[in-house]
Amino acid sequence: MRFARIFDLPTATGLLNSTSLSRAFAKPEIGVSGDGWWYGAGWYVRRVTGGLNTWHVGEMAGTFTYLCRRYDGVTYAALFNRRQEEGTLSYGDIDPLLYRAADAVTTWPTTDYTSLYF
């Protein structure tokens, strides 16, 4: 979550300027999936109404992680203490569930706990 925040900071105070950000998420000339997403500079990217959704997954023996940055500023992560195994549900299946859960929130808290936890 802390890493993802770098991409959301104002460019004057963040690590990346607007040119760097646009390059990181730029749509390539080749390599766009049939579903419309592409891989750019470490993030999977999909254009949606309102902006870009970006996400990254990773796994090693015994772990699987999923990090999503939505176009509307909502970011979420899921961490599993086991790797996805053949014949089981895909851990990527959690994305639509988390997406719908975030959509269902009608009022987000107004207190910013960033400095307390990050």
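A residue counts as exposed when its relative accessible area is over 50%, as buried when that area is under 20%, and as partly exposed in between. The legends below apply these terms to a predicted model.

**Figure 1. Leu-116 in helix α4 of the predicted model.** Leu-116 belongs to helix α4. Its relative accessible area is 59%, so Leu-116 is classed as exposed. The C-alpha atoms of Leu-116 and Ser-18 lie 28 Å apart in space, and the two residues are separated by 98 places in sequence. Helix α4 spans residues 114–117 and has the lowest mean pLDDT among the elements of the chain, at 81. Where pLDDT is low, predicted coordinates should not be read in detail.

**Figure 2. The whole chain, shown for orientation.** The chain contains 4 helices and 5 strands. Read from the N terminus, these elements follow the order α-α-β-β-β-β-β-α-α. Along the principal axes, the C-alpha atoms of the chain fill a box of roughly 45 × 40 × 30 Å. Of its 118 residues, 23% count as buried. Of the contacts between residues at least 6 apart in sequence, 23% join residues at least 24 apart. The average pLDDT of the chain is 87, and 96% of the residues score at least 70. Strand β2, residues 43–48, has the highest mean pLDDT among the elements, at 94.

**Figure 3. Ala-41 in the loop between β1 and β2.** Strand β1 covers residues 37–40, and Ala-41 lies in the loop between β1 and β2. Ala-41 is not a glycine, yet its phi is positive, at about 45°. Most residues other than glycine have a negative phi. Ala-41 counts as exposed because its relative accessibility is 60%.

**Figure 4. The hairpin of β2 and β3.** Strands β2 and β3 pair in the antiparallel sense, with 5 bridges between them. Val-45 stands opposite Thr-54, a residue of β3. The hairpin has 2 residues between its strands, and Gly-50 takes a positive phi near 105°.

**Figure 5. The hairpin of β3 and β4.** Pairing between β3 and β4 is antiparallel and extends over 7 bridges. His-56 has Leu-67 in β4 as its bridge partner. There are 2 residues between the strands of this hairpin, and Gly-62 in the turn has a positive phi of about 90°.

**Figure 6. The hairpin of β4 and β5.** Cys-68 is bridged to Tyr-76 in β5. With 5 residues between the strands, the hairpin includes Gly-73 in its turn, where the phi is positive, at about 95°.

Figure 7. Phe-80 is found in strand β5. Is Phe-80 buried, partly exposed or exposed? Its relative accessible area is 24%, and Phe-80 is therefore partly exposed. When neighbours within four places in sequence are left aside, Phe-80 is in contact with Gly-62, Thr-63, Phe-64, Tyr-91 and Ile-94. Gly-62 is also the turn residue with a positive phi in the hairpin of β3 and β4. Phe-80 and Gly-51 are 29 residues apart in sequence, and their C-alpha atoms are 28 Å apart in space.

**Figure 8. The largest pocket.** The volume of the largest pocket is about 580 Å³. It is lined by 15 residues, of which Met-1, Gly-73, Thr-75, Asp-112 and Thr-114 are the closest to its centre. The lining comprises 7 nonpolar, 4 polar and 4 charged residues. Gly-73, in this lining, is also in the turn of the hairpin of β4 and β5.

**Figure 9. The second largest pocket.** This pocket has a volume of about 220 Å³. Its lining residues are Arg-46, Asn-53, Trp-55, Val-57, Phe-64, Tyr-66, Cys-68, Gln-84, Ser-90, Gly-92, Asp-95 and Tyr-99. Two or more of the lining residues come from each of β3 (51–60), β4 and α3 (94–104). By type, the lining divides into 6 nonpolar, 4 polar and 2 charged residues.

Notes
Residues are numbered from 1 along each chain as its sequence is written. This is a predicted model: local features need pLDDT of at least 70, side-chain atom pairs count only at pLDDT 80 or more; totals for chains, interfaces and linings use all residues. Side-chain values use heavy atoms; hydrogens and water are left out. Two strands pair if DSSP finds at least two bridges between them. On a 1 Å grid over the protein atoms alone, a cavity is a set of points where a 1.4 Å probe fits but cannot get out, and a pocket is an open set with protein on both sides within 12 Å along at least five of seven lines; lining residues have an atom within 4 Å of a point. Grid points are joined across faces, edges and corners, and a volume is the space filled by probe spheres set on the points. Ala, Val, Leu, Ile, Met, Phe, Trp, Tyr, Cys and Pro count as nonpolar, Asp, Glu, Lys and Arg as charged, and the others, Gly among them, as polar. pLDDT is the predictor's confidence in each residue, from 0 to 100. Buried means under 20% relative accessible area, exposed over 50%, partly exposed in between (1.4 Å probe, protein chains only). Contact means heavy atoms within 4.5 Å.
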